[in-house]
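Subject: Structure for your review

Dear colleague,

Please find below the structure that I am handing over to you. My notes on it follow.

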Amino acid sequence: MNEYQDQSLEGERIKTDFLKDMTYSEYLNLDNILTAQKTLTDEHDETLFIIIHQVAELWMKLAIHEVNAAIEDIRGDDFRMAFKKLARVTNIQNQLITSWDVLATLTPSDYLKFRDSLGSASGFQSYQNRMMEFSLGYKTTHALKIYEKDPEIYRLLKAQLGTPSIYDEVIHATARQGFDIDEGVLKRDITQNYEPNASVKEAFRQIYLNTDKYFELYEMLEKLVDVEDLYSQWRFRHMKTVERIIGFKKGTGGSSGVNYLKRVIDDYFFRELWELRTEL
(Lines give C-alpha, C1' and ligand atoms only; values in the text may rest on other atoms or scores of the structure.)
Protein backbone atom coordinates (compact mmCIF):
# COMPACT_ATOMS: atom_id res chain seq x y z
CA MET A 1 0.00 0.00 0.00
CA ASN A 2 2.81 2.42 0.88
CA GLU A 3 4.57 1.59 -2.42
CA TYR A 4 1.36 2.40 -4.32
CA GLN A 5 0.99 5.70 -2.50
CA ASP A 6 4.59 6.68 -3.24
CA GLN A 7 4.18 5.86 -6.95
CA SER A 8 0.97 7.89 -7.13
CA LEU A 9 2.89 10.95 -5.93
CA GLU A 10 5.69 10.53 -8.44
CA GLY A 11 6.20 13.77 -10.34
CA GLU A 12 3.98 15.72 -7.92
CA ARG A 13 5.39 18.67 -5.98
CA ILE A 14 3.54 18.02 -2.74
CA LYS A 15 4.46 20.39 0.08
CA THR A 16 5.42 18.49 3.24
CA ASP A 17 7.21 21.14 5.34
CA PHE A 18 4.63 23.03 7.42
CA LEU A 19 6.78 24.12 10.34
CA LYS A 20 6.17 27.76 9.41
CA ASP A 21 2.99 27.52 7.33
CA MET A 22 -0.69 26.96 8.07
CA THR A 23 -1.97 23.41 7.59
CA TYR A 24 -5.36 22.18 6.43
CA SER A 25 -6.24 21.17 10.01
CA GLU A 26 -5.31 24.58 11.35
CA TYR A 27 -7.33 26.40 8.70
CA LEU A 28 -10.43 24.33 9.54
CA ASN A 29 -9.78 24.49 13.30
CA LEU A 30 -10.13 20.71 13.38
CA ASP A 31 -8.58 20.40 16.84
CA ASN A 32 -11.67 22.09 18.29
CA ILE A 33 -14.20 20.47 15.95
CA LEU A 34 -12.99 16.88 16.33
CA THR A 35 -12.64 17.09 20.09
CA ALA A 36 -16.10 18.66 20.59
CA GLN A 37 -17.82 15.29 21.03
CA LYS A 38 -17.92 15.18 24.83
CA THR A 39 -19.93 12.09 25.71
CA LEU A 40 -21.52 11.83 29.16
CA THR A 41 -21.49 8.04 29.18
CA ASP A 42 -19.31 5.23 27.86
CA GLU A 43 -22.08 4.03 25.55
CA HIS A 44 -20.91 3.47 21.97
CA ASP A 45 -23.91 5.14 20.26
CA GLU A 46 -23.76 8.42 22.17
CA THR A 47 -20.99 9.55 19.80
CA LEU A 48 -23.34 8.98 16.84
CA PHE A 49 -26.07 10.98 18.57
CA ILE A 50 -23.78 13.94 19.25
CA ILE A 51 -22.15 14.04 15.82
CA ILE A 52 -25.46 13.88 13.92
CA HIS A 53 -26.76 16.88 15.84
CA GLN A 54 -23.50 18.83 15.62
CA VAL A 55 -23.35 18.33 11.85
CA ALA A 56 -26.99 19.43 11.57
CA GLU A 57 -26.16 22.62 13.45
CA LEU A 58 -23.26 23.32 11.06
CA TRP A 59 -25.53 22.87 8.04
CA MET A 60 -28.14 25.13 9.65
CA LYS A 61 -25.47 27.78 10.25
CA LEU A 62 -24.70 27.77 6.53
CA ALA A 63 -28.39 27.78 5.57
CA ILE A 64 -29.05 30.82 7.78
CA HIS A 65 -26.00 32.54 6.27
CA GLU A 66 -27.33 31.92 2.76
CA VAL A 67 -30.95 32.90 3.47
CA ASN A 68 -29.90 36.15 5.15
CA ALA A 69 -27.65 36.96 2.18
CA ALA A 70 -30.53 36.18 -0.20
CA ILE A 71 -32.71 38.57 1.80
CA GLU A 72 -30.19 41.35 1.11
CA ASP A 73 -30.14 40.44 -2.59
CA ILE A 74 -33.93 40.59 -2.85
CA ARG A 75 -33.96 43.92 -1.03
CA GLY A 76 -31.69 45.20 -3.80
CA ASP A 77 -33.78 43.51 -6.55
CA ASP A 78 -30.83 41.26 -7.42
CA PHE A 79 -32.90 38.14 -7.99
CA ARG A 80 -30.27 36.12 -9.83
CA MET A 81 -27.87 36.21 -6.89
CA ALA A 82 -30.73 35.32 -4.55
CA PHE A 83 -31.60 32.33 -6.77
CA LYS A 84 -28.03 31.05 -6.47
CA LYS A 85 -28.08 31.26 -2.69
CA LEU A 86 -31.50 29.65 -2.38
CA ALA A 87 -30.41 26.80 -4.64
CA ARG A 88 -27.59 26.22 -2.18
CA VAL A 89 -30.09 26.28 0.71
CA THR A 90 -32.18 23.53 -0.87
CA ASN A 91 -29.08 21.37 -1.29
CA ILE A 92 -28.25 21.95 2.37
CA GLN A 93 -31.78 20.92 3.26
CA ASN A 94 -31.33 17.66 1.36
CA GLN A 95 -28.25 16.96 3.48
CA LEU A 96 -30.28 17.60 6.64
CA ILE A 97 -33.05 15.28 5.47
CA THR A 98 -30.74 12.38 4.65
CA SER A 99 -28.92 12.75 7.99
CA TRP A 100 -32.01 11.29 9.68
CA ASP A 101 -31.24 8.01 7.89
CA VAL A 102 -28.00 7.77 9.83
CA LEU A 103 -29.64 8.59 13.16
CA ALA A 104 -32.37 6.02 12.42
CA THR A 105 -29.73 3.29 12.85
CA LEU A 106 -29.92 4.08 16.59
CA THR A 107 -32.24 1.46 18.11
CA PRO A 108 -34.58 2.11 21.07
CA SER A 109 -32.51 -0.12 23.36
CA ASP A 110 -29.28 1.64 22.35
CA TYR A 111 -30.76 5.11 22.99
CA LEU A 112 -32.18 4.14 26.38
CA LYS A 113 -28.65 3.40 27.57
CA PHE A 114 -27.72 7.10 27.54
CA ARG A 115 -30.99 9.05 27.12
CA ASP A 116 -31.27 9.94 30.81
CA SER A 117 -27.84 11.61 30.65
CA LEU A 118 -29.33 14.30 28.38
CA GLY A 119 -31.38 15.67 31.27
CA SER A 120 -33.66 18.38 29.86
CA ALA A 121 -31.47 19.07 26.81
CA SER A 122 -33.50 18.72 23.60
CA GLY A 123 -33.36 19.57 19.92
CA PHE A 124 -36.37 21.80 20.58
CA GLN A 125 -33.87 24.20 22.15
CA SER A 126 -31.82 24.59 18.93
CA TYR A 127 -31.51 28.35 18.62
CA GLN A 128 -30.36 28.04 15.02
CA ASN A 129 -33.55 26.21 14.10
CA ARG A 130 -35.40 29.13 15.68
CA MET A 131 -33.29 31.60 13.68
CA MET A 132 -34.04 29.69 10.49
CA GLU A 133 -37.76 29.92 11.24
CA PHE A 134 -37.44 33.66 11.91
CA SER A 135 -35.58 34.22 8.63
CA LEU A 136 -38.36 32.42 6.73
CA GLY A 137 -41.12 34.37 8.49
CA TYR A 138 -42.35 32.10 11.27
CA LYS A 139 -41.89 34.49 14.19
CA THR A 140 -43.08 33.36 17.59
CA THR A 141 -41.60 34.55 20.86
CA HIS A 142 -43.01 31.98 23.30
CA ALA A 143 -39.75 30.01 23.37
CA LEU A 144 -37.34 32.95 23.72
CA LYS A 145 -37.11 32.49 27.50
CA ILE A 146 -35.14 29.27 26.86
CA TYR A 147 -32.21 31.34 25.60
CA GLU A 148 -31.94 33.93 28.38
CA LYS A 149 -29.18 31.80 29.94
CA ASP A 150 -26.82 32.89 27.13
CA PRO A 151 -26.94 36.66 26.45
CA GLU A 152 -25.16 36.37 23.08
CA ILE A 153 -27.56 33.74 21.75
CA TYR A 154 -30.49 35.77 23.05
CA ARG A 155 -29.10 38.86 21.28
CA LEU A 156 -28.72 36.96 17.99
CA LEU A 157 -32.29 35.70 18.18
CA LYS A 158 -33.70 39.15 18.96
CA ALA A 159 -31.75 40.58 16.02
CA GLN A 160 -33.13 37.94 13.64
CA LEU A 161 -36.61 38.49 15.05
CA GLY A 162 -36.32 42.19 14.20
CA THR A 163 -35.07 41.55 10.64
CA PRO A 164 -37.56 41.32 7.75
CA SER A 165 -38.01 37.70 6.68
CA ILE A 166 -37.38 36.54 3.14
CA TYR A 167 -41.15 36.47 2.62
CA ASP A 168 -41.45 40.10 3.75
CA GLU A 169 -38.77 41.09 1.26
CA VAL A 170 -40.37 39.15 -1.59
CA ILE A 171 -43.70 40.88 -0.86
CA HIS A 172 -41.97 44.27 -0.91
CA ALA A 173 -40.21 43.35 -4.18
CA THR A 174 -43.62 42.42 -5.62
CA ALA A 175 -44.99 45.83 -4.62
CA ARG A 176 -42.01 47.53 -6.28
CA GLN A 177 -43.00 45.79 -9.52
CA GLY A 178 -46.29 47.69 -9.44
CA PHE A 179 -48.60 45.21 -7.72
CA ASP A 180 -51.16 46.60 -5.30
CA ILE A 181 -50.23 45.31 -1.84
CA ASP A 182 -52.12 46.51 1.24
CA GLU A 183 -50.21 49.19 3.12
CA GLY A 184 -50.80 47.33 6.37
CA VAL A 185 -48.76 44.41 5.02
CA LEU A 186 -45.91 46.60 3.80
CA LYS A 187 -45.70 48.41 7.14
CA ARG A 188 -46.52 45.50 9.43
CA ASP A 189 -44.68 44.70 12.66
CA ILE A 190 -42.03 42.29 11.39
CA THR A 191 -41.45 40.87 14.87
CA GLN A 192 -44.89 39.27 14.64
CA ASN A 193 -45.83 36.12 12.76
CA TYR A 194 -46.99 36.85 9.22
CA GLU A 195 -50.73 36.52 8.57
CA PRO A 196 -52.03 35.65 5.06
CA ASN A 197 -53.38 38.59 3.09
CA ALA A 198 -55.77 38.73 0.15
CA SER A 199 -53.83 41.44 -1.72
CA VAL A 200 -50.64 39.38 -1.52
CA LYS A 201 -52.41 36.28 -2.80
CA GLU A 202 -53.95 38.23 -5.68
CA ALA A 203 -50.56 39.65 -6.68
CA PHE A 204 -49.05 36.17 -6.62
CA ARG A 205 -52.00 34.88 -8.67
CA GLN A 206 -51.27 37.42 -11.39
CA ILE A 207 -47.60 36.45 -11.40
CA TYR A 208 -48.49 32.79 -11.88
CA LEU A 209 -50.96 33.64 -14.64
CA ASN A 210 -48.40 35.84 -16.44
CA THR A 211 -45.14 33.97 -15.95
CA ASP A 212 -43.42 35.35 -19.06
CA LYS A 213 -44.07 38.94 -18.01
CA TYR A 214 -43.00 38.44 -14.39
CA PHE A 215 -40.58 35.55 -14.78
CA GLU A 216 -38.09 36.60 -12.09
CA LEU A 217 -40.83 37.05 -9.50
CA TYR A 218 -42.39 33.76 -10.61
CA GLU A 219 -39.05 31.98 -10.24
CA MET A 220 -38.56 33.55 -6.81
CA LEU A 221 -41.94 32.30 -5.61
CA GLU A 222 -41.06 28.81 -6.80
CA LYS A 223 -37.73 28.98 -4.94
CA LEU A 224 -39.68 29.73 -1.78
CA VAL A 225 -41.92 26.73 -2.43
CA ASP A 226 -38.82 24.57 -2.87
CA VAL A 227 -37.48 25.69 0.52
CA GLU A 228 -40.78 25.09 2.29
CA ASP A 229 -41.32 21.73 0.62
CA LEU A 230 -37.93 20.49 1.83
CA TYR A 231 -38.47 22.00 5.27
CA SER A 232 -41.67 19.95 5.57
CA GLN A 233 -39.82 16.83 4.44
CA TRP A 234 -37.15 17.49 7.08
CA ARG A 235 -39.85 17.84 9.75
CA PHE A 236 -41.51 14.62 8.60
CA ARG A 237 -38.27 12.63 8.67
CA HIS A 238 -37.53 14.11 12.10
CA MET A 239 -40.91 12.97 13.38
CA LYS A 240 -40.61 9.45 11.96
CA THR A 241 -37.06 9.04 13.27
CA VAL A 242 -38.13 10.08 16.75
CA GLU A 243 -41.13 7.73 16.59
CA ARG A 244 -38.86 4.92 15.46
CA ILE A 245 -36.47 5.44 18.38
CA ILE A 246 -38.69 6.45 21.32
CA GLY A 247 -42.25 5.91 20.12
CA PHE A 248 -44.67 8.32 21.80
CA LYS A 249 -42.61 9.07 24.91
CA LYS A 250 -42.34 12.71 25.98
CA GLY A 251 -39.34 14.64 24.65
CA THR A 252 -36.42 15.31 26.98
CA GLY A 253 -37.22 19.03 26.80
CA GLY A 254 -40.78 18.49 28.02
CA SER A 255 -42.67 18.51 24.71
CA SER A 256 -45.16 15.80 23.80
CA GLY A 257 -42.54 14.38 21.44
CA VAL A 258 -43.95 12.78 18.29
CA ASN A 259 -47.39 14.36 18.80
CA TYR A 260 -45.79 17.83 18.82
CA LEU A 261 -43.66 17.04 15.77
CA LYS A 262 -46.74 15.83 13.89
CA ARG A 263 -48.52 19.13 14.56
CA VAL A 264 -45.72 21.34 13.23
CA ILE A 265 -45.44 19.38 9.96
CA ASP A 266 -48.53 21.26 8.75
CA ASP A 267 -47.26 24.71 9.75
CA TYR A 268 -46.70 27.01 6.76
CA PHE A 269 -44.20 29.79 6.08
CA PHE A 270 -45.70 30.87 2.74
CA ARG A 271 -49.36 29.91 2.99
CA GLU A 272 -50.60 31.97 0.01
CA LEU A 273 -48.28 30.09 -2.34
CA TRP A 274 -49.77 26.76 -1.28
CA GLU A 275 -53.38 27.92 -1.31
CA LEU A 276 -52.92 29.14 -4.88
CA ARG A 277 -52.20 25.59 -6.00
CA THR A 278 -55.85 24.80 -5.42
CA GLU A 279 -57.27 28.08 -6.63
CA LEU A 280 -55.43 28.57 -9.94
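Predicted model: local features only at pLDDT ≥ 70, side-chain atom pairs only at ≥ 80, totals over all residues.

Helix α11 covers residues 198–209, so its 12 residues, at 1.5 Å a residue, should span 16 Å. The C-alpha atoms at its ends are 16 Å apart, which agrees with that expectation. Within α11, the buried residues are S199, V200, K201, A203, F204, I207 and Y208. Among the elements that cover these buried residues are α9 (166–176), α10 (183–186), α12 (215–246) and α14 (271–279).

I then turned to the aromatic rings. The whole structure contains 17 aromatic pairs. In one of them, Y138 and F269, the ring centres are 6.5 Å apart and the planes stand at 80 degrees; because an angle over 60 degrees counts as edge-to-face, the pair is edge-to-face. Y138 belongs to the loop between α7 (127–136) and α8 (151–161), and F269 to the loop between α13 (258–265) and α14, so the pair ties together parts that are 131 residues apart in sequence. Both Y138 and F269 are buried.

Y268 and W274 form a tilted aromatic pair, with 6.2 Å from centre to centre and 50 degrees between the planes. Y268 is partly exposed, at 36% relative accessibility, and W274 is partly exposed as well, at 27%. The ring of W274 also has the charged end of R277 over it, 5.9 Å from the ring centre.

Finally, one aromatic cluster is formed by W100, Y138, Y167, Y194, F204, Y231, W234, F269 and F270.

With kind regards

Methods. Residues numbered from 1 in each chain as written. Heavy atoms only, no water. Helix = DSSP H or I, 4+ residues; strand = E, 2+ residues; numbered from the N terminus. Expected span 1.5 Å × (residues − 1). Buried < 20%, exposed > 50% of the residue type's maximum accessible area, 1.4 Å probe, protein only. Contact = heavy atoms within 4.5 Å. Phe/Tyr/Trp six-rings, centres within 6.5 Å; stacked < 30°, edge-to-face > 60°. Lys NZ or Arg CZ within 6 Å of the ring centre and 35° of its normal.
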